[in-house]
Amino acid sequence: MNERSAELKQRLDGLRRDFEAELGARVDEITTAWRLNRVAPAAGPQMQSLQAQVHHLAGTSGIFGLHEVGQAALQLEEALDRQSVHSQGMPTASERDAIDGLIDALEACAYRANGDAQRCR
């Protein structure tokens, strides 16, 4: 490995560590946004923001090799997209329950990725 490759690897490793350190907080933000949506269904911009957060998490997780987290986020993203298209902001009880389950799965994957067994479900 040449010097430039070693430097790039070192930078990527640092970015991955930073991402892993922030993962729990990112998932907590998504969880909080969804729980607030359950109480008062979000208008367009709020739901779009939630969807963007989940989309970003899905992509970034894959880039850093956290495939379980990325897959869980992708499944959540797809469910949120379906809910938005079909329900126009007002999810049905079955949609809410399905998304709740996907949120729980995402939390569990994120905590496993960080080795936080106490919070892992």
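Me: Contact means heavy atoms within 4.5 Å. Which residues does Phe64 touch, not counting residues up to four places away in sequence?

Reply: This is a predicted model, in which local features need pLDDT of at least 70, side-chain atom pairs count only at pLDDT 80 or more, and totals for chains, interfaces and linings use all residues. Residues are numbered from 1 along each chain as its sequence is written, and side-chain values use heavy atoms, with hydrogens and water left out. Phe64 is found in the loop between α2 (44–63) and α3; helices are DSSP runs of H or I of at least four residues, numbered from the N terminus. With those sequence neighbours set aside, Phe64 touches Leu12, Leu15, Arg16 and Phe19.

Me: Is Phe64 buried or exposed?

Reply: Buried means under 20% relative accessible area, exposed over 50%, and partly exposed in between, with a 1.4 Å probe and protein chains only. The relative accessible area of Phe64 is 16%. This value is under 20%, so Phe64 is buried.

Me: Which residues form a nonpolar patch on the surface with Leu8?

Reply: Leu8 lies in helix α1 (residues 3–39), and its relative accessible area is 49%. The patch has about 280 Å² of accessible area together (Shrake-Rupley method, 1.4 Å probe). The residues that form it with Leu8 are Leu12 and Leu15.

Me: Which side chain of opposite charge is nearest to Glu77?

Reply: Glu77 lies in helix α3 (residues 67–87) and touches Val54, His55 and Ala58, not counting residues up to four places away in sequence. Glu77 is buried yet has no salt bridge. Lys and Arg count as positive and Asp and Glu as negative, while His and the chain ends are not counted. At 10 Å, the nearest side chain of opposite charge is that of Arg82.

Me: What is the distance between the end C-alpha atoms of α4?

Reply: The expected span of a helix is 1.5 Å times one less than its number of residues. For the 21 residues of α4, this gives 30 Å. The model agrees with that expectation, as the distance between the end C-alpha atoms is 30 Å.

Me: What distance separates the C-alpha atoms of Gly101 and Leu76?

Reply: Gly101 has its place in helix α4 (residues 93–113) and is partly exposed, at 37% relative accessible area. Gly101 and Leu76 are 25 residues apart along the chain, and their C-alpha atoms are separated by 9.1 Å.

Methods. Patches are made of residues with over 30% relative accessible area and no salt bridge: like charges are joined within 9 Å, nonpolar side chains (Val, Leu, Ile, Met, Phe, Trp, Tyr) within 5 Å. A salt bridge is a side-chain nitrogen of Lys or Arg within 4 Å of a carboxyl oxygen of Asp or Glu. Helices (H or I, at least four residues) and strands (E, at least two) are DSSP runs, numbered from the N terminus.
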